[in-house]
Amino acid sequence: MNAEANSRGSLRHGNNTSIRQVVERLNLREALVDSKTISKLSVGGYRTQNALNIFLMARFALPFLFLAVAIFYIFGLGVLEDKPMMVRVLVCLGAAYLGFYAPNIFVSNSAKKRQASIRTAWPDALDLMLICVESGVSIEAAFRRVADEVASQSTALAEELILTNAELSYLSERRKAFENLGERTGLDTVKSVCQALNQAERYGTPIAQALRVLAQESRDARMNEAEAKAAALPPKLTVPMILFFLPVIFGVILGPAALVLLDQP
């Protein structure tokens, strides 16, 4: 099973030589890559060079693929044959445009899901980190311990903490490891904790009190987000209730009376 998984590879792991060669020959990095692209991939959990190559290859190839499929359906199978030629051409161009931005949409959705997972588990992780720090455990051991505990709740957060623990060991500046954690997650709550850890490393101030305050703020933010979702639920239920519940209620209430009226001569 492991051999099969390793042979297939994934977007995060492995190194596809053929894709890398195509990207280098076409010089896609100069044409399609900027700092925001690297940041979005990092937030989405795709940090390897192979992931960047696959992303660039997808942005290059998918417009032609989507365009070919659209041409086949519209002009080959006769879909939209009752529409003017200009409309069909615009649909084909729209399909190519969608193919160009499909990788960005995929990465953005992955980043949002990953951030939601980290945001949900972050207050609990801070509480565990506070317990570890107050018990005299080093910050590296605390990160490792917290990663083991929150792995079942948020794999993304456990992965980030383990990576930060590794960076604390081999980077020349520990400050850079904390900054990388904030950049990879893209969450303000995580960046605030990273800033507090940097200040503690630089000035030697106790980190326990800062972690306690930040943990409380994270819990409050999570509660406020849940309350906001609960408050927005009644307006969202108004239309389904009108369309589905009220006709059934009227039928149950007025149905017997209507039957009685129909039975009368």
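Modeller: Happy to, and please keep in mind that this is a predicted model. Let's start with Arg-184, whose relative accessible area is 5%. The cut-off for buried is under 20%, so Arg-184 counts as buried.

Where does this arginine sit? Arg-184 belongs to helix H9, which covers residues 174-185. Its side chain makes a polar contact of 2.5 Å with the side chain of Glu-160. Leaving aside residues up to four places away in sequence, Arg-184 touches Ser-42, Val-43 and Arg-47, and also Glu-160, Leu-163, Thr-164 and Glu-167.

Several of these names come back when we turn to the neighbouring helix. Glu-160, Leu-163, Thr-164 and Glu-167 lie in H8, together with Leu-168, on the H8 side of the meeting with H9. From H9, the residues taking part are Arg-174, Ala-177, Phe-178, Asn-180, Leu-181, Arg-184 and Thr-185. So the buried arginine is one of the H9 residues that meet H8.

How are the two helices arranged? Two packed helices are described by the angle between their axes and the distance between the axes. For H8, residues 155-170, and H9, the axes come within 8 Å and cross at roughly 160°. Angles over 145 degrees count as roughly antiparallel, and H8 and H9 are therefore roughly antiparallel to each other. Their crossing is right-handed.

Helix H5 (residues 49-76) packs with helix H6 (residues 85-134) at an angle of about 150°, their axes 8 Å apart. H5 and H6 are therefore roughly antiparallel as well, and the crossing of H5 and H6 is right-handed.

The other pair is H11 (residues 208-231) with H12 (residues 233-263), where the axes come within 4 Å and cross at roughly 25°. Angles under 35 degrees count as roughly parallel, so that is the description for H11 and H12. In this pair, Lys-229, Ala-230 and Ala-231 of H11 meet Leu-233, Pro-234 and Pro-235 of H12.

A disulfide needs a pair of cysteine sulfur atoms within 2.5 Å, and the count of disulfides here comes to 0. Cys-132, for one, is in no disulfide: the nearest cysteine sulfur, that of Cys-194, is 17 Å away. Cys-132 is buried, with a relative accessible area of 12%. Cys-92 is buried too, at 4%.

Conventions
Residues are numbered from 1 along each chain as its sequence is written. This is a predicted model: local features need pLDDT of at least 70, side-chain atom pairs count only at pLDDT 80 or more; totals for chains, interfaces and linings use all residues. Side-chain values use heavy atoms; hydrogens and water are left out. Buried means under 20% relative accessible area, exposed over 50%, partly exposed in between (1.4 Å probe, protein chains only). Helices (H or I, at least four residues) and strands (E, at least two) are DSSP runs, numbered from the N terminus. A polar contact is a pair of N or O atoms within 3.5 Å; within protein, one must be able to donate a hydrogen and the other to accept it, and residues adjacent in sequence count only if both atoms are side-chain atoms. Contact means heavy atoms within 4.5 Å. Axes are lines fitted to C-alpha atoms, for helices over the stretch in contact, and angles run from 0 to 180 degrees between N-to-C directions. Angles under 35 degrees count as roughly parallel, over 145 as roughly antiparallel, 65 to 115 as roughly perpendicular and the rest as oblique. A crossing is left-handed if the near helix is turned anticlockwise from the far one by less than a right angle, and right-handed if clockwise.
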